[in-house]
Amino acid sequence: MNSRQKGARGERELAGILREYGFDSRRGQQYSGANGDADVVGLPGIHVEVKRVERLNISEAMKQSQRDARPGELPAVFHRRNREEWLVTMPLGDWIELYQRFVAVESCLEAESNATNKTDQKEV
């Protein structure tokens, strides 16, 4: 199988997995010649570069993702070898930003839940 076909198959595979998790994901427009589009779209704020190879130059893949990412998008390389699980590689600073956003949302949800519980207890 040539590398282009394997790459396209990897993009379809990853998009399918992301759909199973509830994301509206699909292959990007790369196959039609559009430049700078993510390999897989449907993760808002993340530029997805897909690599489905046995020997990955992660540094070059990350440079490609950073170069192609649009303003406001965090670059990420989703990659896997044959018979191995998918991995995600991001620059540490971007991962920290993403995790801080997650923690902030979790804190808001917890505070909201606590406020609702206090209101419910007062009504009883």
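Predicted model: local features only at pLDDT ≥ 70, side-chain atom pairs only at ≥ 80, totals over all residues.

User: How many salt bridges does a search of the whole structure find?
Analyst: The search gives 8 salt bridges.

User: Which side chain does Arg52 meet in a salt bridge?
Analyst: That of Glu13, at 3.8 Å from N to O. The pair links distant parts of the chain, 39 residues apart: Arg52 is in the loop between strand E3 (46-51) and H2, and Glu13 is in helix H1.

User: Is Arg52 buried or exposed?
Analyst: Arg52 counts as buried because its relative accessibility is 6%, under the 20% cut-off. Glu13, at 26%, counts as partly exposed.

User: Which residues are linked in a network with Arg52?
Analyst: Glu13 and Arg80 are linked with Arg52 in a network of salt bridges.

User: What about Lys63, what does it form a salt bridge with?
Analyst: With Glu60, where the closest N and O atoms are 3.5 Å apart. Both residues lie in helix H2, 3 residues apart, about one turn of the helix. Lys63 is partly exposed at 44%, and Glu60 is partly exposed at 43%.

User: And Arg101?
Analyst: Arg101 forms a salt bridge with Glu97, the closest N and O atoms being 2.3 Å apart. This pair lies in helix H3 (residues 92-123), 4 residues apart.

User: Switching topic: what volume does the second largest pocket have?
Analyst: About 240 Å³.

Key: Residues numbered from 1 in each chain as written. Heavy atoms only, no water. 1 Å grid on protein atoms, 1.4 Å probe; cavity = no way out; pocket = protein on both sides within 12 Å on 5 of 7 lines; lining within 4 Å. Points joined across faces, edges and corners; volume = space filled by probe spheres on them. Salt bridge = Lys/Arg side-chain N within 4 Å of Asp/Glu carboxyl O. Helix = DSSP H or I, 4+ residues; strand = E, 2+ residues; numbered from the N terminus. Buried < 20%, exposed > 50% of the residue type's maximum accessible area, 1.4 Å probe, protein only.
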